Amino acid sequence: MAPLSLHDFPRAILHIDGDAFFASCEQSRRPKLQGRPVVTGKERGIAASMSYEAKACGVTRGMRLAEIRKRCPEAVILPSDYETYSLLSKRFFAIVRRYTPDVEEYSIDECFADVTGLRRPLRMSYHQIAERIKHDLDTALGFTFSVGLAPNKVVAKIASKWAKPSGLTVIPGRELHQYLAQLPVEKVWGIGHQTTALLHKHGVQTALQFARQPEAWVKKYFSKPFYQIWQELNGAYIFELVTGEHDTYHTIQKVKTFTQPSSHREFVFAQLAKNIENACIKLRKYQLATERVLIFLRSQDFHDTDLEMDLSGPTSFPNDILHVVSPAFVQLLTPATLYRATGVILCKLSEASYGQLDLFGEVIRLQRLSNLYESVDTLREKYGKHTVFLGASFLAHTHAQHEGDRGHLPERQHALLPGETTRKRLGIPMFMGEVR
Amino acid sequence: MDSHYLKQIQAFYRSHKRMPSYSELMAVVGFRSKNAAYKLVERFVQRDWLDKDATGRLLPGRLFQDLPVLGTVSAGFPSPADEELTDTMSLDEYLIGNKEATYILKVNGNSMIDAGILPGDMLLVERGADPRDGDIVIAQVDREWTMKYFRKRGAAVFLEAANKDYQPIHPQEELKIAAVVRAVIRKYH
């Protein structure tokens with residue numbers, strides 16, 4: 001079989017993926033949980049992450065808790081402890097950055113890293129660099145990572161998935177075709193149901209068959225992103241790493257589930273208003289303003305309805321957004337329907353600046369709001385989130401987010417050290433359980 | 001040579017009021033590869049001349065803080081105080097070696113009481129470190145954390161408490177050492 005590429009590593013790209021990340025964070029700090037099925041996401045009512053033992057029982061992501069208890073009665077179901085997961089995620093990226101500054105933090109539990117050209121300075125082969133990074137991660141974090149090394153992102157993703165968990169797979173350009181021959185085309189990153197169906201119609205089943213299609217054919221039937229995937233499957237480096245770009249956002253999203261599900265109009269609106277306030281806090285933190293807002297409601301049976309609307313101008317204040325959102329909310333809400341979550345997505349973000357002159361005194365109004373929220377943010381920093389909040393979200397603050405069984409807080413929030421408060425804890429992850 | 005580079009970076013910091021990016025750094029010090037700039041940064045971070053934030057961006061280290069005030073003459077003699085302060089470290093730096101592998105935990109039992117570790121004490125432990133004979137370690141025994149002295153006699157290893165009421169643990173199978181204790185913290189109030 002002819003190889004797809006004659007060069008092994010014109011670029012050397014790593015994809016590194018934490019194995020069952022959230023569940024592993026839990027298992028690694030509690031020896032009691034090791035070797036047992038562990039599921040996180042209790043507060044949401046669905047599985048957010050499950051350990052390999054739980055996966056073996058048939059638990060899948062998004063499965064409801066009742067279903068999990070039926071299939072896997074011995075499963076330990078825990079509330080998510082995002083504080084700890086984020087601390088460990090930061091460590092994950094910091095360790096990879098010991099080797100290269102070019103790291104793309106793709107999500108909380110996976111990253112891409114470009115190690116091209118580092119063989120000489122590090123005195124190691126690419127394979128050894130990948131091994132060393134994996135070793136550092138596994139020992140420092142106490143659970144395993146899967147690593148893929150390849151000439152580009154699409155193939156690195158294939159490589160890291162090749163032998164999960166705790167795999168290290170190296171796919172040099174010259175061996176690319178051997179891997180792709182065994183891979184169903186729908187397993188390629190970025191190829192979804194629609195594209196798979198179309199490819200199947202043309203008799204393309206494996207990733208290799210897709211890669212071997214002539215360029216003209218690909219360009220004729222597919223849009224640019226798929227052409228780019230085709231190029232990467234042939235060993236080219238097309239998708240650049242987005243490194244260190246997390247100081248700005250394209251959209252900001254806040255979604256929160258609440259229990260019990262409610263059909264109470266003011267209560268559901270208060271939940272939405274609280275999400276909008278939270279989204280605006282983040283907006284102001286990064287000195288951004290939004291011009292378009294999408295709100296959605298999720299019903300008890302997981303049915304989503306949404307509405308998108310434009311604002312009259314860029315803003316970073318919940319007052320302005322609620323003004324537009326409240327009439328839309330009335331439109332969106334179906335009476336007597338039980339809702340379980342609300343969400344908001346702020347789009348069309350730009351840098352916040354309220355200097356532009358206008359005829360209608362808008363600048364003065366925004367300047368006042370800006371002064372007001374500067375004080376609100378100062379109070380928040382000093383006394384905690386939601387020290388001051390809008391009347392619209394009052395009902396969401398007076399009720400606990402979750403009632404009953406699902407309302408368990410993560411254990412770390414109870415296991416306070418002397419001097420810690422429920423609001424501020426040491427930024428060092430903790431081993432849990434009795435230490436004798 | 002390094003002090004020359006440092007001066008160039010300090011000059012950039014003075015005129016721009018911020019630290020350079022890696023590509024700017026290359027231009028500032030006249031390097032042609034990002035990797036060389038990266039290694040320079042690593043070296044400076046090692047010496048505490050520079051810092052990096054969680055995303056790898058450069059932060060001004062100690063040598064950037066009090067730049068213009070060094071040696072200001074007020075009473076005839078330059079004050080050595082600021083200069084001397086560059087050789088101090090924070091409590092974090094003092095207690096924590098491998099930052100990414102350090103965890104905290106709270107002691108419940110009294111098996112190390114004769115080593116001065118009391119219930120309620122906090123420990124800073126380093127995951128994955130190689131234990132040496134006499135180190136206090138956190139081992140995993142019967143799905144529990146246990147804190148003991150790590151003892152090595154030839155090829156044999158065992159765990160020993162600092163409390164006469166506890167028997168040494170001679171592991172039947174492989175001994176699982178999760179972490180080595182680096183510091184004990186006892187905070188009053």
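Start by colouring chain A by domain: the assignment puts domain 1 at 8-180 and domain 2 at 252-398 (bounds from an automatic or database domain assignment). The C-alpha centres of these two domains of chain A sit 34 Å apart.

Before going further, note that this is a predicted model, where local features need pLDDT of at least 70, side-chain atom pairs count only at pLDDT 80 or more, and totals for chains, interfaces and linings use all residues. Residues are numbered from 1 along each chain as its sequence is written, while chains are lettered from A and ligands numbered from 1 in the order in which they are written.

Now show the whole of chain A as a cartoon. You'll find 16 helices and 13 strands (DSSP runs, H or I of at least four residues for helices and E of at least two for strands, numbered from the N terminus). Its C-alpha atoms fill a box of roughly 70 × 65 × 45 Å along the principal axes.

Next, select 153-162 of chain A. That's helix α7, and eight of its ten residues are buried, including A:Val155, A:Ile158 and A:Ala159. Among the elements covering the buried residues of α7(A) are β1 (13-18), β7 (145-150) and α12 (224-233) of chain A.

Which way does α12(A) run against α7(A)? The axes are 8 Å apart at an angle of about 65° (lines fitted to C-alpha atoms, for helices over the stretch in contact, with angles from 0 to 180 degrees between N-to-C directions). The two helices are therefore roughly perpendicular (65 to 115 degrees; under 35 is roughly parallel, over 145 roughly antiparallel, the rest oblique). To see the contact, show A:Lys153, A:Val154 and A:Val155 on α7(A), with A:Ile229, A:Glu232 and A:Leu233 on α12(A) (a contact means C-beta atoms, placed from the backbone, within 7 Å). By class, that makes four nonpolar, no polar and two charged residues (nonpolar: Ala, Val, Leu, Ile, Met, Phe, Trp, Tyr, Cys and Pro; charged: Asp, Glu, Lys and Arg; polar: the others, Gly among them).

In the loop between α7 and β8 of chain A is A:Pro165, joined to A:Lys164 by a cis peptide bond with omega near -5°. Another cis bond links A:Thr259 and A:Gln260, with omega about -10°; A:Gln260 is in strand β9 (residues 252-262) of chain A. Then try A:Gln287, a non-glycine with a positive phi of about 50°, in the loop between α13 (265-285) and β10 (288-299) of chain A. A:Gln287 is exposed, with 11 other C-beta atoms within 10 Å.

Last stop: bring in chain B, with six helices and eight strands. Its contact with chain A takes 32 residues from chain B and 30 from chain A. On chain B's side, β3 (102-106) is one of the elements giving two or more residues, and β3(B) gives the largest share, five residues. That side divides into 13 nonpolar, eleven polar and eight charged residues.

Methods:
A residue is buried if 20 or more other C-beta atoms lie within 10 Å of its own, exposed if 12 or fewer, and partly exposed in between; C-beta atoms are placed from the backbone. Two residues are in contact if their C-beta atoms, placed from the backbone, lie within 7 Å.
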